[in-house]
Amino acid sequence: MSISLTNVQQIEFDALVKAIYRSTGFLMRDTVRTKYDVIGASVEFRKVDQVISVPTAYLAAVTIQDPGYNKAVCTLQKYTTPTAVDEVQELTVNFDAKMENAMLVAQAMGRRSDQITIDALALNPGDTIVNGGTNFNYLKFTQALEFFDNNAVPLAERYVAMSASNFKSLMQDDQFVSTFYTRNDPIDRARIREYLGFNVVVVPQMTEGGLPKVGNIRTALAWHKMSTGMGIGMNFRTEVNYIPQNTSYLVNGVFSAGCTVIDNRGVLAIECDETA
């Protein structure tokens, strides 16, 4: 037996790269009103109030009503997600480092898109359901339903975003899981569930912040699609450029976007005690 054979033993590397579990983002992308190809630093979303019918005598003069046209200004911000791959160093591995980094960049942009929407919703809710020492439960869900119904928010395109802990808490209530109350639709959906007219979006933990949390209190958010607007100037784009002086490839994600609440009567904050 040749004991010197160990000097030339090789190590085989798996070409499949395991990325850390994380949100791929864009969970909130289609849940708000979106304006693409914005020219300039901001975009205005218009809001009109209401007029009412009033009793009027025959031949009497009418009083003109002003519906009160208003605007919500959405300011755009540039975002980048740069990383680099050395041209020579990439030859030392048996996977496409540029491709792997491009995937990471795309997912980071998706999460930032979600965070922009979450931050706008949390900044200007029309009302807040206090935590009351409970996590998300059936009572809070019906309170959200009452808030939207009372404000004449259309039934279609209502959304509620919550954490995994909030969703777990909901699943403890018979009204969500018992066939006496439901056909089990909420637990049959993989990502977006629907219950009592709300599309439920579970937002995972994100480095960007995720749903607001102070101490044990998580703030879940409910909103109607037309209540909130997102403006996008440069659409989400991933690019790979060669930098000769660094003999490296710059893998970058670039976009500009902003989000604002147009009508806070269609936005509700729901405080939840995640230790309850």
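**View 1. Threonine 128 and its bridge partner in strand E15.** Threonine 128 has alanine 269 as its bridge partner in E15. The model here is predicted, so to speak of local features takes a pLDDT of at least 70, side-chain atom pairs count only at pLDDT 80 or more, and totals for chains, interfaces and linings use all residues. Residues are numbered from 1 along each chain as its sequence is written, and side-chain values use heavy atoms, with hydrogens and water left out. Strand E6 (residues 127-129) runs parallel to E15, with three bridges between them. Antiparallel pairing links E15 to strand E11 (residues 217-224) over seven bridges, and here alanine 220 sits opposite isoleucine 270. Two strands pair if DSSP finds at least two bridges between them; strands (E, at least two residues) and helices (H or I, at least four) are DSSP runs, numbered from the N terminus. Six of the seven residues of E15 (267-273) are buried, where buried means under 20% relative accessible area, exposed over 50% and partly exposed in between (1.4 Å probe, protein chains only).

**View 2. The largest nonpolar core, with 30 residues.** A nonpolar core is a set of buried Ala, Val, Leu, Ile, Met, Phe, Trp, Tyr and Cys residues joined through side-chain atoms within 4.5 Å. Met28, Ile118, Val203, Leu221 and Trp223 have the most contacts inside this one. Among the elements giving it two or more residues are strands E7 (158-162), E12 (228-232) and E14 (248-261), but helix H1 gives the most, with eight. Zoom in on valine 203 and you'll find it touching Leu27, Ile118 and Ala161, among others, with residues up to four places away in sequence not counted; contact means heavy atoms within 4.5 Å. Apart from this core lies another, of 22 residues, including Phe141, Phe147 and Ala220.

View 3. At its start, a side-chain oxygen of aspartate 96 comes to within 3.1 Å of the backbone nitrogen of lysine 98. Further on, arginine 111 makes a salt bridge with glutamate 208, with 3.1 Å between the closest N and O atoms. A salt bridge is a side-chain nitrogen of Lys or Arg within 4 Å of a carboxyl oxygen of Asp or Glu; the whole structure has nine of them.

**View 4. A salt-bridge network of Glu44, Arg46 and Lys71.** Glutamate 44 and lysine 71 meet at 3.2 Å, N to O. Glutamate 44 is in strand E2 and lysine 71 in strand E3, so the pair ties together parts 27 residues apart in sequence. Lysine 71 is exposed at 53% relative accessibility, while glutamate 44 is partly exposed at 36%.

**View 5. Glutamine 50 in the loop between E2 (42-47) and E3 (70-75).** This residue is exposed, at 57% relative accessible area. Glutamine 50 touches Asp66 and Pro67, leaving out residues up to four places away in sequence. Its C-alpha is 7.5 Å from that of glycine 68, which is 18 residues away along the chain.

Methods:
A polar contact is a pair of N or O atoms within 3.5 Å; within protein, one must be able to donate a hydrogen and the other to accept it, and residues adjacent in sequence count only if both atoms are side-chain atoms.
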